[in-house]
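User: I have a model open here and want to go through it. Can you take some questions?

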Amino acid sequence: MAWLKQLGALFGAHAFLALTFALAWVAPDVALAAKPGDAPLVMVLEGITLLACVLVGGFVEVAYTFLPLILLGVVLFLLAVGRAGLSWGVVGFVWSVVAAFVEGLRAHRGELGFARENIAHPHRRYDRIFLLYFGTLPLVPLLWLVTPARVVIWATVYYALAAASDSFLRAPIDRIPRAILRRMQSKTDPALAAKLGLCRTCLYVQPAVGHPDGKPVRCALSTKDARFVEFPDVPLSTCDGYKPR
Ligand code: SF4
């Protein structure tokens with residue numbers, strides 16, 4: 001059944017978006033095609049939401065940041081250009097946002113295991129997508145002199161790569177953000193390392209986003225084992241749940 005899951009991922013929202021933008025580029029008269037004007041809007045909203053997710057806290061709260069921003073963006077878009085701007089490209093985008101929202105909630109409840117153990121976990125998917133978005137961004141100025149369809153081509157390439165990174169190219173593309181993260185973690189400030197204690201090197205640690213008392217650590221093991229509190233008082237020197245990365 002693994003091949004069926006991969007097929008589902010391949011023909012999911014990102015593959016659909018790649019197809020609609022490819023049609024806007026090569027066959028704009030086809031009924032399913034996105035309109036060329038949809039591409040800048042969709043790509044800018046995608047970038048804003050990716051940045052928001054990272055700035056708010058390393059994708060932990062994707063579910064809380066993604067949906068309101070996108071819905072606001074889509075409503076503003078419809079107000080600005082009217083229903084004529086609504087195409088399958090925008091529909092596909094809303095589909096991908098709702099899917100991300102549902103997956104973010106499932107991850108927050110612990111249904112998808114831990115990001116470091118599960119390559120399909122949304123936090124790892126967003127590492128890959130973030131990298132693909134900014135990795136393919138230089139295409140826009142490069143295409144500027146060649147064709148007016150630059151953003152549509154960028155959207156096609158980006159969503160096709162995003163679909164591939166969620167299916168048959170998942171493992172190879174995942175190595176890039178993993179290597180970057182490992183490098184960043186190896187350079188942790190000693191004062192911060194002392195503040196986080198044992199949790200810093202534990203498999204189950206996550207950043208505690210927006211905790212009212214400013215606690216820095218969320219323990220993901222707490223979602224599966226009631227012996228562990230969600231926001232431990234760090235630094236801990238011993239812990240029965242500790243598992244090194
Ligand atoms: S299991 Fe223990 S060491 Fe690991 S994150 Fe939770 S509280 Fe920290």
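User: Among contacts in the protein chain between residues at least 6 apart in sequence, what share join residues at least 24 apart?
Analyst: 62% of them do. Bear in mind that this is a predicted model.

User: How many helices and strands are in the protein chain?
Analyst: The protein chain has 10 helices and 2 strands. Along the sequence the order is α-α-α-α-α-α-α-α-α-α-β-β.

User: And what percentage of the residues count as buried?
Analyst: 33% of the 245 residues in the protein chain.

User: What about α2, how many of its residues are buried?
Analyst: In α2, 11 of 14 residues are buried, so the helix is mostly covered. Among them are H14, F16, L17, F21 and L23.

User: Why does the distance between the end C-alpha atoms of α2 agree with its 14 residues?
Analyst: Because at 1.5 Å a residue, α2 (residues 13-26) should span 20 Å, and its end C-alpha atoms are 20 Å apart.

User: What does α6 reach from its first C-alpha to its last?
Analyst: Helix α6, residues 122-136, reaches 20 Å, close to the 21 Å expected for its 15 residues.

User: Which residues in α6 are buried?
Analyst: P122, H123, R124, R125, Y126, D127, R128, I129 and L132.

User: Changing topic: which residues are closest to the ligand?
Analyst: C199, C202, C219, C239 and G241 are the closest of the 13 residues that surround the ligand.

User: How does that shell divide into nonpolar, polar and charged?
Analyst: The shell around the ligand has 12 nonpolar residues, 1 polar and no charged.

Methods:
Residues are numbered from 1 along each chain as its sequence is written. This is a predicted model: local features need pLDDT of at least 70, side-chain atom pairs count only at pLDDT 80 or more; totals for chains, interfaces and linings use all residues. A residue is near a molecule or strand if its C-beta atom, placed from the backbone, lies within 6 Å of it. Ala, Val, Leu, Ile, Met, Phe, Trp, Tyr, Cys and Pro count as nonpolar, Asp, Glu, Lys and Arg as charged, and the others, Gly among them, as polar. Helices (H or I, at least four residues) and strands (E, at least two) are DSSP runs, numbered from the N terminus. The expected span of a helix is 1.5 Å times one less than its number of residues. A residue is buried if 20 or more other C-beta atoms lie within 10 Å of its own, exposed if 12 or fewer, and partly exposed in between; C-beta atoms are placed from the backbone. Two residues are in contact if their C-beta atoms, placed from the backbone, lie within 7 Å.
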